[in-house]
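Please open the model in a viewer and keep the selection panel at hand.

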Amino acid sequence: MQIIWDGLFVGSFYALIALGYSMVYGIIKLLNFAHGDIYMLGAFIGFVMLTSMGGLPGALSIGALLVVLLASMVLTGGAGVLIERFAYRPLRKAPRLAVLITAVGVSFTLQYGVSAIMGPNPRSYPVRLEGDVFDILGARISLPQVLLMAIAAILMVSLNTYIQKTSTGRAMRSISLDMKGSLLMGINVNSVITRTFFIGSALAGAAGVMSGAYYGKIDFMMGFLIGLKAFTAAVIGGIGNIQGAMLGGLVLGLLEAFGASVFGGEWRDVFSFVVLILFLTLRPTGILGERVTERV
Amino acid sequence: MSGSTFKSQAPRRTGPAAAWVSGLLENKYLGWIALAAALLAPLLTASPYSLNVMTTAAIFVMLAAGLNIVVGYCGLLDLGYIAFMAVGAYTAGIVSKAFELPLLFTIPAVLVMTILAGLIIGAPTLRLRSDYLAIVTLGFGEITRITANNLSVTGGPSGIYGIPKLLTFGDFSVHSPAVFYYVTILIVAFFVLASARLGKSRLGRAWRFVREDEDAAEAMGIHTYKVKLMAYIFGAVWGGFAGVLFASHLTAISPKSFIFLQSALVLMAVVLGGMGNMRGVVVGALVISLLPELLRDLSEYRYLAFGLLLVVAMVFRPKGLWPAHGHEEERKKKEPEQTAVDAAVSRGESR
């Protein structure tokens, strides 16, 4: 029971980040390697804001954290938009290899940019979420965990509604089906892509602030591994599929928690990569993905 | 080790000076001149420090030559290339320590292990889209490092110490830094030459065809999967042998030597040097490995600068700074086929 809960908790982080991967991939077929680093950037933006506010009394800290969360989401979203505008848009028609290499370059720039400004050593978050721990069905569950999962769930549900119900959401879905067709139908493709990057990056930034507040430690390489995991989650769920990304995140969290308890914690990361490779080999379209025929 | 200067932009300019420069760059003796310069370099400066730096740079050139086969010739992005170097270095280290052999005799084992590693990672993923391959290789690089960190046979986090010399022959052994430098240069030169020749072979032409247009290559009867797997395996073997040299040079290896940063640096050498152009790749590798030694004061910002440089290079020169021949003409031919919508999409207009 404890394993399931832990898996779901970690999985909801993966899901938040996987959403950004999956949305961007669905729309412009780009693997945004820098996505994990946006998560890191979010954690650092939150860190700077919380530090500049100084230590807050405990009662206020959750409210303040929510404000910081929203502000960081806006800023990381903006960063995502800038990255798209200056690094990816000029290359939209370029060979895929060039775009992938650019994404690696952006990831590098973000990592070492943050490292140059904030220093290479880990920083500890000024706010630590602590709360009562209570037992439900034999699992130890803490209040902050519930809170963070609730925030993640709210974000995901509202994203889903946005994509299913609004006209921008419809435009996103139509671009992912056929970019040229959407352009001919009068959809402003670039502004929709910009919005996609904004939303995806904002979600990753939110995950960054939340994990910073929960685990208490951040460093400039923290996005690397979680970016890989989130990609795995997106693949498990079916890349390009929004609900799939959420499901994939939770599934990966669970698999990892079980894997870690069977093989030992030090093999956790290896286990999730093996899952990734198995999925890519056996079912590359993921759980919810449809078979995509590549057009020549 | 600086046989040639970095004049990648030159061929684009016109005029007699540019013609002279590009003539110089295309000179078929350029490689031999570079080799001679590399062999003569210790006569200029032979301090242990400079020999160390030059040997490391030579090994880096070999890595870049190997990655160039995968990324440059075949167009497959490999973000975990350092894993093959790790496989080679660890295999050599473990076998030579277990059987008390000089490192040179571990080469068959290294060959087998790197080919196996190339197959394990390449076989399932090469059928997929190239971006999946990129991220799987990234994961594979991490798996290799973490596995080396966790297993006891690889010495865990502290790695393997006291790796034997490359070659012991009676009382002759390759142990002095200068001798090792010469041996390294010769081996690296051989592998660089071999990969350049490989690029011109039938297989090399197939690789380039796959890179330019995989579907057309398939239609022309090239078994693209097999060809890509070959590129992958060749790359793996090059990386593995670089690993043997690395293990022999440092006599100690640990998982910390094989982090993602190293893979990214090798990739940068290939990309900035010019994908598919072996001369450019050698220059790129030398710049990437020697520049930090020259600019020690700026070390904090160097990775930031590398990252920015990568983005800028790709945005303005998506084929690399000094690309191989034959792209410019092909691209010109393609342009008239663009439809109005294509043009609008690429210009970023709507409606």
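Begin by selecting B:Gly274, which follows directly after α11(B) and adopts a positive phi of about 120 degrees. This is a predicted model, in which local features need pLDDT of at least 70 and side-chain atom pairs count only at pLDDT 80 or more, while totals for chains, interfaces and linings use all residues. Residues are numbered from 1 along each chain as its sequence is written, and chains are lettered from A in the order in which they are written.

Of its 14 residues, 13 are buried (20 or more other C-beta atoms within 10 Å of a residue's own, with C-beta atoms placed from the backbone). Its end C-alpha atoms lie 20 Å apart, which agrees with the 20 Å that 14 residues should span at 1.5 Å a residue (1.5 Å times one less than the number of residues).

Now display the contact between the chains, to which chain B gives 43 residues and chain A gives 45 (C-beta atoms, placed from the backbone, within 7 Å). On the side of chain B, the elements that give two or more residues include α11 (260–273) and α6 (130–150). The most come from α6(B), with 13 residues.

Finally, select α1 (residues 2–28) and α2 (residues 35–53) of chain A, which pack at an angle of about 135 degrees with axes 10 Å apart. Where do α1(A) and α2(A) meet? A:Ile17, A:Gly20 and A:Tyr21 in α1(A) meet A:His35, A:Gly36 and A:Tyr39 in α2(A).

Technical notes. Axes are lines fitted to C-alpha atoms, for helices over the stretch in contact, and angles run from 0 to 180 degrees between N-to-C directions. Helices (H or I, at least four residues) and strands (E, at least two) are DSSP runs, numbered from the N terminus. Two residues are in contact if their C-beta atoms, placed from the backbone, lie within 7 Å. A residue is buried if 20 or more other C-beta atoms lie within 10 Å of its own, exposed if 12 or fewer, and partly exposed in between; C-beta atoms are placed from the backbone.
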